[in-house]
Amino acid sequence: MPTITVLAIDGGGIRGMIPAAFLNQLERRTGRSVSQLFDYVAGTSTGGILALGLGLGRPGQAPPYTASELMSLYTSEGHRIFSRGLLHIVGALGSLNGPKYPDDGVDEVLNKYFAGMRLKDARTNLLVPAYAIELRCPFFFRSWQAQAQATHLSHDFEAWQVARCTSAAPTYFPPQQARAADGRSYALIDGGMYANNPALCAWVEAHDRHPGSEILVLSLGTGNESKPVRYEAARNWGLAGWAPHLIDVIFDGVSDTVDVELDEMLNTGGRRDHFRFQSDLAGASQDMDDTGLENLQALKALGEELASGPAFAEVCTRLGAVVAERAALHQGVPLPPAARGVA
C-alpha cells in the first residue's frame, strides 16, 4: 500500500517567506513540484495562501505556482498587503477601533494571484482551515469536496476568497465572506485561531480517507515566537492590554501543541514519520507584518538554512522513495531495493 505524503504549512503573516524559501529548495532538490510530491497540502493563513498557490492549477491548464514564484509574492506584494493610509490609522485609532489594515490591499493582491481559479482546480488534495464566526465552528475548505459530484456546488469557492478567509487574522484584517458555488455565504476569519499548525488536521483527513496506509508528514513553521509576556505587566492587563498579544500567544501555542502531539503519535519505535522544520527568528523580526527588504532577506535565509541539514536530506530521500514506489506500481515493474527499504 503506497505511503501517503502530507505537507502542512503554518500561519505567520510575512514570515511565510520561511516555508516558501524551504519549499523552493525542496522543489529544486527533488526536481518535482509540491503538488507532485504531496498527496495532501494543508495551510493556514499565510500557509493557506502558499498551499493554494502550490496546489491549484492556473487558467489555461497552466501548472500551479512554483515556490520560487510565491517567494516573489512576499517581496513584491507584501508592502501592499500590509499597507494603510493615514485616514485608516486615524479612523481605527491605530487598531483599537478597527482592524490594523484595510482589506483593499490584500484583496487586490489575492485577486491578482488567484484570478480565474477555484478550489476545484486543485492538482492535489488541499485542506485550508478557517473559522466561521456566525456558525461558531471550525470551517475547512477541502478540495476533494469541491471536486466531488455530490458536494461540488456546496463546497467549491473562488480561490482568492479561500485565501482571504484563512488569512483574516483578527485585529489585522476584517473578516471575509466566502460564497460557495450554490450561492450560500459564510463569514470567516483566520483558521489560526484553532489550527495555526494544520498538520494534525491534515493527518486526520489522510488517515480517515486512507485507513491502513503509512502517512509521512512534513510540517513547516514560520519561526518561533520568543518575545516574553512579562508577568508584572500582564497581571494588570485587561482587554486593551491583552489584545495586542493574544493572536501571537494563540498562534504560537497551537503550533507547538500540534508538534508535540504528532511527535508522540508518529515518531515512535525507531520510526520517524513526522518531520517538523522550525527556526528561531535570529536576525529577523517576529512581527507578522514587517515587510522591510532586510527582514525579508533574513526570513529567506532562515528558510534556506532549514533546508540544508541531515533532516532535510532524509525528507528528500523519503519523498524520492515514495515517487519511485508509485512509479513502479503504476508501471508494474519491481521496486528498486532502496525504495523497498524506505516504503
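Modeller: Helices (H or I, at least four residues) and strands (E, at least two) are DSSP runs, numbered from the N terminus. The model is a predicted one: local features need pLDDT of at least 70, side-chain atom pairs count only at pLDDT 80 or more, and totals for chains, interfaces and linings use all residues. Residues are numbered from 1 along each chain as its sequence is written, and side-chain values use heavy atoms, with hydrogens and water left out.

Colleague: How many cavities of 30 Å³ or more does a search of the whole structure find?

Modeller: The search finds 3. On a 1 Å grid over the protein atoms alone, a cavity is a set of points where a 1.4 Å probe fits but cannot get out, and lining residues have an atom within 4 Å of a point. Grid points are joined across faces, edges and corners, and a volume is the space filled by probe spheres set on the points.

Colleague: What lines the largest cavity?

Modeller: Its lining has 19 residues, and Gly13, Thr46, Phe82, Ser167 and Phe173 lie nearest the centre. The space in this largest cavity is about 220 Å³. Helices α3 and α4 each supply at least two lining residues, and α4 gives the most, with 4.

Colleague: And by class, what is in that lining?

Modeller: The lining of the largest cavity has 12 nonpolar, 6 polar and 1 charged residues. Here Ala, Val, Leu, Ile, Met, Phe, Trp, Tyr, Cys and Pro count as nonpolar, Asp, Glu, Lys and Arg as charged, and the others, Gly among them, as polar. The second largest cavity, of about 100 Å³, has 2 nonpolar, 7 polar and 5 charged lining residues.

Colleague: Back to α4: where is its kink centred?

Modeller: The kink in α4 (residues 67-81) is centred on Thr75 and is about 40°. The bend at a residue is the angle between axes fitted to the seven residues ending there and the seven starting there.

Colleague: Why does Thr75 count as partly exposed?

Modeller: Thr75 counts as partly exposed because its relative accessibility is 45%. Buried means under 20% relative accessible area, exposed over 50%, and partly exposed in between (1.4 Å probe, protein chains only). Buried residues of α4 include Leu70, Tyr74 and Gly78.

Colleague: Which residues does Thr75 touch, leaving out those up to four places away in sequence?

Modeller: On that count, Thr75 touches Met17 and Leu296, where contact means heavy atoms within 4.5 Å.

How values were computed. 1 Å grid on protein atoms, 1.4 Å probe; cavity = no way out; pocket = protein on both sides within 12 Å on 5 of 7 lines; lining within 4 Å.
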